[in-house]
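Open the structure in your viewer and keep the residue selection tool ready. The stops below follow one another as a list of things to select.

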Amino acid sequence: MKNTFTLTAPCHFGLEAVLKREITELGYDITAVDNGRVSFLGDAEAIARANLWLRTAERVLIELGRFRATSYEELFQGTLALPFGELIPRDGRFWVAKATSVDSKLFSPSDIQSVMKKAMVRSMEKQYGAVPFPETGESYPFRVSIQKDIVTVALDTSGVSLHKRGYRTETARAPITETLAAALLLLTPWHADRILADPFCGSGTFLIEAAMMASNMAPGMNREFLSQNWEHLIPKKIWYNSFDEAQELLIPKPETDLQGFDIDGSVIRRAKINAEQAGVSELIHFQERDVAQFSHAKKYGFIVTNPPYGARLMGESGEAAEVEALYRTLGERFRALQDWSLYLITAFPDAEKCIGRKADKNRKIYNGMMKTYFYQFLGKKPPKREKRTEKQGE
């Protein structure tokens with residue numbers, strides 16, 4: 001059994017640099033950065049800690065191997081040569097859970113899955129002997145990507161996607177995922193000692209993720225992972241130690257100012273439930289309020305938000321004008337604030353025009369299959385705090 005693995009963490013396209021920084025801060029060496037994924041080296045402990053701590057990754061995968069295939073025979077032989085028995089025990093249940101293909105001669109997911117399953121069985125027979133496999137044990141789902149005829153085979157250690165932290169049981173209109181919200185927050189210079197407000201808070205995702213960051217709460221500490229049952233790969237003690245570490249590093253009551261507003265009272269009630277389930281309800285102030293009423297007396301705050309812009313709003317008769325008015329109002333309220341910064345993710349093409357200012361920075365991000373932009377309107381930085389020094393004897 002390997003002591004060190006090549007691990008791969010998929011993420012939203014355009015946010016690879018954020019995930020790379022997270023992995024580096026966890027203490028692991030990056031081996032590759034590709035579109036929508038970052039690879040790194042790690043042992044069994046790294047698998048547990050990456051699942052627990054990575055805020056912007058969708059999954060943690062163990063890469064088993066790569067090979068070139070332009071025909072189904074090459075796909076079969078390439079798969080057959082991989083050492084599946086190093087990861088899967090004799091009674092393991094194994095299959096190709098997902099197959100994707102880009103710019104490759106092999107493109108049918110169902111055919112790719114079928115051919116590879118047959119080759120996986122043959123590979124296991126070579127490892128354990130030519131016997132039928134009961135597949136009554138733990139699950140071992142593989143994810144396969146083919147890009148420009150290069151096949152990458154990887155074992156999914158997470159199970160349910162990492163964006164499902166376990167707290168968001170109540171959803172509002174057009175929510176963004178927890179991983180995307182965390183990544184966008186990490187693209188800003190916001191820290192726990194600065195004001196953060198969301199005037200279109202919806203499910204509360206931005207604010208809850210910010211509260212978890214302020215608390216140094218591992219995003220995966222309140223959920224389970226598929227690989228917790230793989231004792232031959234990751235001993236139980238490693239999981240216990242990793243969860244203990246997360247608990248010890250938790251900051252119980254950080255000083256922070258997080259505010260969420262929405263015009264819909266039922267949406268605010270859902271956001272409060274989500275915050276309570278995340279264990280951060282005491283850190284966030286939620287209030288039913290129209291964006292036209294948004295104001296704040298203090299300086300140097302942040303607005304990070306996901307305003308309405310979806311196909312439903314933009315497509316229905318008369319609602320394009322409603323969206324324009326909404327963004328104009330947001331721009332007016334933003335300009336009334338003193339030295340604040342505004343960050344918003346949207347697919348609305350006239351966002352800058354309606355806000356009344358060209359964004360200082362603009363990043364293209366795919367939210368699922370929808371192309372969106374993360375507009376960044378930067379305010380002034382607060383003055384640096386002078387360090388007070390006291391002379392001896394005073």
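Select Asp149, in the loop between β6 and β7 (150-156). This is a predicted model. Although Asp149 is not a glycine, Asp149 has a positive phi of about 70 degrees. Is Asp149 buried or exposed? Its relative accessible area is 8%, so Asp149 is buried, the cut-off for buried being under 20%.

Next, select Glu135, in the loop between α4 (109-128) and β6 (139-147). Here too the residue is not a glycine, and the phi of Glu135 is positive, at about 50 degrees. Glu135 counts as partly exposed because its relative accessibility is 22%.

Move on to Ala97 in strand β5, which covers residues 93-102. With 36% relative accessibility, Ala97 is partly exposed.

For the cysteines, select Cys201 and then Cys354. Cys201 has a relative accessible area of 5% and is therefore buried. Cys354 is also buried, at 4% relative accessibility. How many disulfides does the structure hold? The number is 0.

Last, select Lys361, Arg363, Lys381 and Lys384, which form a positive surface patch.

Technical notes
Residues numbered from 1 in each chain as written. Predicted model: local features only at pLDDT ≥ 70, side-chain atom pairs only at ≥ 80, totals over all residues. Heavy atoms only, no water. Patch = residues over 30% accessible without salt bridge, like charges linked within 9 Å, V, L, I, M, F, W, Y side chains within 5 Å. Areas by Shrake-Rupley, 256 points an atom, 1.4 Å probe, with all protein chains shown as cover. Salt bridge = Lys/Arg side-chain N within 4 Å of Asp/Glu carboxyl O. Lys, Arg positive; Asp, Glu negative; His and termini not counted. Charge placed at Lys NZ, Arg CZ, Asp CG, Glu CD. Disulfide = S-S within 2.5 Å. Buried < 20%, exposed > 50% of the residue type's maximum accessible area, 1.4 Å probe, protein only. Helix = DSSP H or I, 4+ residues; strand = E, 2+ residues; numbered from the N terminus.
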